[in-house]
Every structure is written in C-alpha cells, then in structure tokens.
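Please keep the sequence and the model at hand while reading.

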Amino acid sequence: MCPFCGNSSDTKEKEGRPLADKNIIIGADAAEKLLERGDGLAALLYLHIRERGEFSLSAAGKKLRRSEAEISAAAAALREMGLLSAEKPLEGCEMPEYSAADIVSRAGRDSVFEGLVDAVQHALGRLLSTPDLRSLFGIYDHLGIPAEVIYLLVAHCIETYRESHGEGRMPTMRYIEKEAWYWAREEIMSLDAAEEHIKGEKERKSKLFRTAEMLQIKGRQLSQSERRYIESWLEMGFEPEALAVAYDRTVLGTGKLAWRYMDKIVSSWHEKGLHSEAEVIAGDPRQSKKQEKAAQSDDREIEDMRRMYAYMKGKEN
C-alpha cells in the first residue's frame with residue numbers, strides 16, 4: 001500500500017497472500033553481476049528493493065539493520081552495476097488529478113496556499129501555469145508538506161539546478177515535484193529537518209569538490225561513474241584527506257588514477273575501520289613503512305648536502 005495515495009503495489013500482499021510466500025525472480029544478468037561483485041550487502045539491498053518495489057534509505061536501513069552510510073554505499077554499488085537508477089527514487093504513484101476549479105476554490109479560502117503561490121512565483125520569476133499549480137497544490141495537499149517547508153524546498157531546488165545547469169536557469173515544477181516526493185519519503189516535513197537536510201547536502205557537495213581536487217580532477221565536471229565512486233567513499237565515512245592518501249598509493253602502484261584499484265584500497269580501509277588520514281597512516285603498515293623509507297631518504301639527502309657544503313667551503317679556503 002502506497003503511504004501517500006493508498007494504491008496497491010504489485011510487490012505487496014495481494015488477496016490475502018502473504019508476502020513471505022511471494023517468489024522474487026532475479027534475472028540471470030543481475031545475478032551474474034551480483035555474484036561477480038561479491039558484495040553481500042548490495043545483494044541484500046537488491047532483494048529488498050525487488051521485494052518492496054521501491055527504495056528508501058531509511059526503510060532499507062531499518063529492514064537490513066545497517067547504518068544509512070552502509071546502505072548508501074551498497075546503493076552506489078548497485079548503481080555502478082546498473083541495477084539501480086541513478087535518479088532519486090520516486091513513489092510508485094502520481095498526484096491526484098486536481099481540476100483548475102479545485103485549486104482556485106482552495107486558494108480562495110486558504111490564505112496560506114495563496115501566499116505560497118505568490119512566494120513560489122516570485123522565487124521562480126514567472127507566473128505558474130495550470131499544470132504548475134496542480135503540481136504545487138499536490139505537494140501541499142497530497143504530500144502534506146507545510147508551506148514554509150515547500151518554500152525552502154523550492155529555494156533549494158533553484159540553487160541546485162543553477163549549480164548543475166548554469167546561472168540564470170530555473171527548475172521546472174516537475175523537477176521540484178520529484179524532489180518533493182523524496183522529501184516526503186524521507187519525512188523531511190519540518191523547517192528543522194529541511195535545514196538539516198540542506199546543510200548535509202551542502203557538506204556532501206563540499207567534500208565531493210575537495211576530493212575531486214585532491215584526485216587532481218580540475219577544470220571539468222565529474223563523470224557519473226567518478227561521482228558514484230567518490231560519493232560511495234564519502235558515505236562510508238572517509239575524509240577527503242584520507243582519500244588523497246589512497247590516490248597517492250594508487251598512482252604509485254599503477255602510474256595513474258585507476259578507480260577500481262583505488263576502490264579496493266578504500267574498501268580494505270573501511271573494513272578495518274580506518275577513515276581519517278591519521279587512522280590510515282597509523283593503521284596501515286605498508287603506508288607507515290613507505291613513510292619511514294621516505295623519511296630516511298630525506299635524511300640521507302640532507303646529510304649529503306651538508307657534506308657537499310663542507311667540501312665546497314674547504315675548497316674555497
């Protein structure tokens with residue numbers, strides 16, 4: 001049963017048949033990808049999504065008894081395998097078919113919605129069309145998101161859209177509606193929750209940008225695959241500085257930025273609980289030995305320079 005519209009889903013109980021008795025069929029291609037990857041949590045998440053017919057970070061975490069960071073990493077692995085859409089998940093239902101008369105009537109007796117329409121039109125710099133008004137009213141009435149939270153949602157969408165499409169570009173109401181479905185599913189229904197979510201998104205983007213710079217990716221946008229790798233590492237709890245150490249080791253080992261090679265290094269650290277630069281350096285013996293050798297080499301070079309300086313001084317005298 002859809003939590004918002006009450007429509008039945010094909011993956012839920014039907015005519016009294018228990019969900020536990022329902023077979024979950026996996027295609028041969030998907031099974032081969034999961035087996036080759038060897039990621040147990042990703043496989044469990046895939047089964048969970050097939051069973052529910054939808055994906056929610058919080059719901060999956062509760063069902064599989066894992067942290068949201070672990071679920072996010074598993075989801076990133078599924079996206080990399082092409083088994084999960086890269087888009088943010090949406091509900092399996094549509095907004096109700098509101099008539100123009102319904103919306104006009106509601107706006108006439110609901111000053112809060114009337115004020116919301118004016119605020120959204122001002123933020124977008126244009127008048128809302130009838131389909132736009134239906135979408136906005138659906139977010140307000142059907143999803144039940146408060147007006148003040150909707151305004152924050154719209155402002156967030158405008159900022160995000162400009163970052164990816166360029167200054168002066170504005171999102172469509174359909175774009176905003178998709179994000180609204182996501183907020184409703186994640187229960188972002190108050191100003192505090194919305195501000196916390198937006199703050200987390202900004203911190204994630206900042207870390208993503210810093211990590212890209214540390215990987216010497218400058219002057220261009222990240223590809224989808226590159227973004228998925230970095231996002232999965234950050235969701236595991238790694239700091240950009242720790243990923244810079246992994247990058248250095250990858251280049252030393254392969255002569256280039258080899259994503260799969262680096263992913264193995266990062267995954268091994270994650271299994272050991274090493275996520276900061278200090279933890280990696282202290283907890284990885286191979287890294288410590290390399291640093292020790294480098295330090296010894298530096299000491300020898302300094303000593304050689306001192307000897308050369310003493311020799312040249314002696315020649316002058």
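## Basis of the model

This is a predicted model, in which local features need pLDDT of at least 70 and side-chain atom pairs count only at pLDDT 80 or more, while totals for chains, interfaces and linings use all residues. Residues are numbered from 1 along each chain as its sequence is written, and side-chain values use heavy atoms, with hydrogens and water left out.

## Helices α6 and α7

Helix α6 (residues 111-124) and α7 cross at roughly 130°, and their axes come within 11 Å; such axes are lines fitted to C-alpha atoms over the stretch in contact, with angles running from 0 to 180 degrees between N-to-C directions. Helices are DSSP runs (H or I, at least four residues) numbered from the N terminus.

On the α6 side, V112, F113, L116, V117 and V120 meet L133, L136, F137 and Y140 of α7, where contact means heavy atoms within 4.5 Å. By class this contact has nine nonpolar, no polar and no charged residues (nonpolar: Ala, Val, Leu, Ile, Met, Phe, Trp, Tyr, Cys and Pro; charged: Asp, Glu, Lys and Arg; polar: the others, Gly among them).

## Helices α5 and α7

Helix α5 (residues 100-109) packs against helix α7 (residues 130-141) at an angle of about 60°, with the axes 10 Å apart, and the two are therefore oblique to each other. Their crossing is left-handed. A100, I103 and R106 of α5 make the contact with T130, L133, R134, F137, Y140 and D141 of α7, a set that divides into five nonpolar, one polar and three charged residues.

## Helices α8 and α9

Helix α8 (residues 147-165) and helix α9 (residues 173-185) pack at about 120°, their axes lying 10 Å apart, which makes α8 oblique to α9. The crossing is right-handed. Among the residues in contact are L152, H156 and Y161 in α8 and I176, E179 and W183 in α9; by class, the contact has ten nonpolar, two polar and one charged residues.

Definitions and conventions. Angles under 35 degrees count as roughly parallel, over 145 as roughly antiparallel, 65 to 115 as roughly perpendicular and the rest as oblique. A crossing is left-handed if the near helix is turned anticlockwise from the far one by less than a right angle, and right-handed if clockwise.
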